[in-house]
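User: I am new to this structure and would like to learn how to read it, one feature after another. Could we begin with how far the model can be trusted?

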Amino acid sequence: MLRFTGVGLRYGAPARGSGSGFAAGSAPEALRDLTFTLPEGSFTWLLGPSGAGKSSVLRLMHCALRPTRGEVEILGVPLSRARRRDLVRLRRRIGAVHQDFRLLPQLSAFDNVALPLRLAGRGEAAIRAEVAELLAWVGLAAKQDALPEEMSGGEQQRVAIARAVITRPTLLIADEPTGNLDAAQARRLLALLIELNRIGTTVVVATHNEDLLARHPAPALRLQAGRLVEAPGMPEAGDADWDLRMPPPPGFDAVAGGTEGGRPPAPAPAAPGRHGAGPAGHGAGLGHGA
Ligand SMILES: Nc1ncnc2c1ncn2[C@@H]1O[C@H](COP(=O)(O)OP(=O)(O)OP(=O)(O)O)[C@@H](O)[C@H]1O
């Protein structure tokens, strides 16, 4: 489970409980008052315009930062109280696809993808088979020996995706993972994310890709200028302050109805929820070959 409680983040300010030595800064808060819970095994889209704070939320989820206010709990571990070695252990359970890939430049595609398995102490024979299979699945069988600088942006992104999922992480976070992929490759990636989620991985994906959102309706966290404007289980904006059962204000009948003593027309039903209103479904009908 991921739980954010009253979370604020100000870059350059000291983090809660970290002793991390950040210089105190006066930058505006990048995240403000975020409170939400994502259950284990959920699939959540992370949405919002550029600069809204999506990458910052993912950095907190990846334990790369601690909040300056409030508490972030990742897979049961409160970041404010976690020691450095707890964080290292926690991060081994998290797969991350970064916007800028973060491949190790001196390692081949194969060795980049194999790295998390080697760190976990897996045997080389199993690593060979698993890495080869996953690289083939992302269409990079012929690029196993290529260095990152010898690959296109889309190829590097697919290596980064393979590296993030090779350990079947408990939590997968992805920041614009389709930014460099064509439409068919993006759909294959979505199928992979859905499959991982089906076998139990909690998945959080920041994206602007409307095609993916339409293909896999799931709950959403939506940010605007560092604040949450939509979250799983949060009432639609306006629900609380516009009660449709309230009588019209005095004099409104005559203005709206035109007939003495008449009632105004019934208000239109509330707008249907955005795609985030429904439960996470797996009904996108995408097989691995989609
Ligand atoms: N390392 C940093 N130091 C200082 N400010 C930062 C840093 N990273 C992000 N910010 C600021 O935090 C705010 C949120 O940025 P963030 O990258 O989280 O947004 P985003 O929604 O992911 O944007 P995009 O869609 O463009 O990637 C922005 O105002 C940004 O300038």
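Analyst: pLDDT is the predictor's confidence in each residue, on a scale from 0 to 100. Two residues are in contact if their C-beta atoms, placed from the backbone, lie within 7 Å. This is a predicted model, in which local features need pLDDT of at least 70 and side-chain atom pairs count only at pLDDT 80 or more, while totals for chains, interfaces and linings use all residues. Residues are numbered from 1 along each chain as its sequence is written.

User: Where does pLDDT stay under 50, and how many contacts does the model have there?

Analyst: One such stretch is residues 19-24, with 8 contacts beyond four places in sequence, and another is residues 254-290, for which the model has 44 contacts of that kind. Averaged over the chain, pLDDT is 82, and 77% of the residues score at least 70. The model also scores ipTM 0.97 and pTM 0.79.

User: How many helices and strands are in the chain?

Analyst: Helices (H or I, at least four residues) and strands (E, at least two) are DSSP runs, numbered from the N terminus. By that rule the chain has 8 helices and 10 strands. Of the contacts with a separation of 6 or more, 72% join residues 24 or more positions apart.

User: Is helix α5 mostly covered or mostly uncovered?

Analyst: A residue is buried if 20 or more other C-beta atoms lie within 10 Å of its own, exposed if 12 or fewer, and partly exposed in between, with C-beta atoms placed from the backbone. In α5, 11 of the 13 residues are buried, so by this definition the helix is mostly covered. Its buried residues, among them E155, R158 and V165, pack against β6 (94-97), α3 (109-119), α4 (124-137), β7 (171-175) and α6 (183-198). Over the chain of 290 residues, 35% count as buried.

User: Why does L107 count as partly exposed?

Analyst: L107, in the loop between β6 and α3, counts as partly exposed because it has 15 C-beta neighbours inside 10 Å.

User: Which residues are around the ligand?

Analyst: A residue is near a molecule if its C-beta atom, placed from the backbone, lies within 6 Å of it. Around the ligand are Y11, A27, A30, G48, S50, G51, A52, G53, K54, S55 and S56. Ala, Val, Leu, Ile, Met, Phe, Trp, Tyr, Cys and Pro count as nonpolar, Asp, Glu, Lys and Arg as charged, and the others, Gly among them, as polar. The shell accordingly divides into 4 nonpolar, 6 polar and 1 charged.
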